[in-house]
Amino acid sequence: MEYNPFSLLGKRILITGASSGIGREVAIVLSKLGATTILFGRDRERLQITKNMLQNATEHLIYSVDLLDSEKVMFVIHDMKERGFNIDGVINCAGISSTIVLRSITEEKLQNHFNINVNSGVLLIKNLLLKKYSLLNEGGSIVFMSSVMGLVGEVGKTTYAMTKGALIAGVKSLAIELALKKIRVNTISPGVVKTPMSSASFYSKNEESLKKIELLHPLGIGNVEDIANACVYLISDASKWVTGSNLIVDGGYSAR
Ligand SMILES: NC(=O)c1ccc[n+]([C@@H]2O[C@H](COP(=O)([O-])OP(=O)(O)OC[C@H]3O[C@@H](n4cnc5c(N)ncnc54)[C@H](OP(=O)(O)O)[C@@H]3O)[C@@H](O)[C@H]2O)c1
């Protein structure tokens with residue numbers, strides 16, 4: 001057998017936000033390296049499209065679930081337990097982004113961003129690890145998708161940035177707590193990557209602002225596979241001594 005510390009053969013990985021953008025590509029790349037995936041997202045049709053794009057498509061599973069619907073999440077976790085779907089890793093890609101200047105920030109917008117970008121992922125991990133489910137295997141790896149906005153500032157990014165910074169901070173304590181179970185926890189901080197999320201952003205609306213964003217990235221704007229490859233590293237045994245860290249994958253954005 002060829003030496004490959006990045007092999008994911010025999011690993012079952014849960015990916016949230018798998019119906020679009022980064023999460024979809026993560027699923028594709030992981031499947032090519034031998035992983036079986038469990039795909040979470042709200043939109044069943046787009047989840048099915050992701051599934052059809054995977055290597056050995058029939059081996060992967062989809063669960064259409066709104067992560068803000070705690071009852072549905074528990075139903076899915078219960079179903080996974082019943083069907084014996086223990087997992088070796090979770091990649092939390094589900095998230096929302098926005099550009100909101102200070103005068104437009106409301107309590108509701110803040111709450112909504114924290115609910116999906118931070119709380120839903122942390123609660124998902126908590127519930128997977130509840131004694132009665134114990135769905136996450138020893139030696140497992142958890143990745144939270146943060147953002148370079150968790151490290152540097154831009155006008156209108158306060159709300160989004162606070163959620164992404166919270167992930168970078170929280171993961172450190174979670175990593176220490178879960179090290180007792182030999183489970184690793186890390187964040188990835190991407191710069192701007194071409195996805196439906198970034199295409200919907202204000203800076204994609206005209207050529208001039210898109211150019212400005214491009215110039216902020218010395219290596220140019222990223223592609224989804226750049227982030228998927230970083231996930232491979234953190235999910236594979238190649239990173240078995242890495243926990244509580246934040247892997248910046250931003251084409252040099254934050255190096256300035
Ligand atoms: N694209 C970038 O430039 C960039 C840069 C830095 C960080 N990120 C981060 O990377 C992650 C993925 O971003 P992306 O660009 O791939 O975005 P995207 O294409 O908009 O995908 C977002 C995903 O999140 C899911 N989602 C949103 N709300 C949900 C909810 N309540 N319950 C369950 N799933 C929910 C969506 O599911 P449905 O479509 O099924 O509703 C979708 O699969 C996000 O956390 C984002 O903040 C992205």
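Grid points are joined across faces, edges and corners, and a volume is the space filled by probe spheres set on the points. With that settled, a search of the whole structure turns up one cavity of 30 Å³ or more.

A word on where this comes from: the model is predicted, so local features need pLDDT of at least 70 and side-chain atom pairs count only at pLDDT 80 or more, whereas totals for chains, interfaces and linings use all residues. Residues are numbered from 1 along each chain as its sequence is written, and side-chain values use heavy atoms, with hydrogens and water left out.

**The cavity**

The largest cavity has a volume of about 80 Å³. Its lining includes T16, L67, N92, F144 and K164. Which elements give two or more residues to that lining? They are helix 4, strand 5 (136–145) and helix 5. Helix 4 provides the largest share, four residues. Helices (H or I, at least four residues) and strands (E, at least two) are DSSP runs here, numbered from the N terminus. Sorted by class, the cavity lining has six nonpolar, five polar and one charged residues. For that sorting, Ala, Val, Leu, Ile, Met, Phe, Trp, Tyr, Cys and Pro count as nonpolar, Asp, Glu, Lys and Arg as charged, and the others, Gly among them, as polar.

The largest pocket has a volume of about 1,100 Å³. Of the 50 residues lining it, G95, I96, S97, Y160 and M197 are the closest to its centre. Several elements each supply at least two lining residues, among them helix 1 (21–32), strand 2 (36–41), helix 4 (107–129) and helix 5 (158–179). The lining of the largest pocket splits into 25 nonpolar, 17 polar and eight charged residues.

**Two helices side by side**

Helix 4 also has a packing partner. Helix 3 (residues 70–82) and helix 4 pack at an angle of about 35°, with their axes 10 Å apart. From helix 3 the contact uses V73, M74, I77 and M80, and from helix 4 it uses L124, N127 and L128. By class, that makes six nonpolar, one polar and no charged residues. Axes are lines fitted to C-alpha atoms, for helices over the stretch in contact, and angles run from 0 to 180 degrees between N-to-C directions. Contact itself means heavy atoms within 4.5 Å.

**A few residues up close**

How open is each residue to the outside? Buried means under 20% relative accessible area, exposed over 50%, and partly exposed in between (1.4 Å probe, protein chains only).

| Residue | Relative accessible area | Class |
|---|---|---|
| T50 | 0% | buried |
| T159 | 1% | buried |
| N229 | 46% | partly exposed |
| N56 | 48% | partly exposed |
| E177 | 53% | exposed |
| K182 | 55% | exposed |

T50 sits in helix 2 (residues 44–52). T50 counts as buried because its relative accessible area is 0%. Setting aside neighbours within four places in sequence, T50 is in contact with A18, S19, R24, A27 and L39.

T159 belongs to helix 5. What does T159 touch, not counting residues up to four places away in sequence? The list is I100, I105, K109, L110 and H113.

E177 is also found in helix 5. The C-alpha atoms of E177 and S70, 107 residues apart along the chain, are separated by 24 Å.

Finally, two loop residues. N56, in the loop between helix 2 and strand 3 (61–64), has a positive phi of about 50° although it is not a glycine. K182, in the loop between helix 5 and strand 6 (184–190), has a positive phi of about 60° and is not a glycine either.

Terms used:
On a 1 Å grid over the protein atoms alone, a cavity is a set of points where a 1.4 Å probe fits but cannot get out, and a pocket is an open set with protein on both sides within 12 Å along at least five of seven lines; lining residues have an atom within 4 Å of a point.
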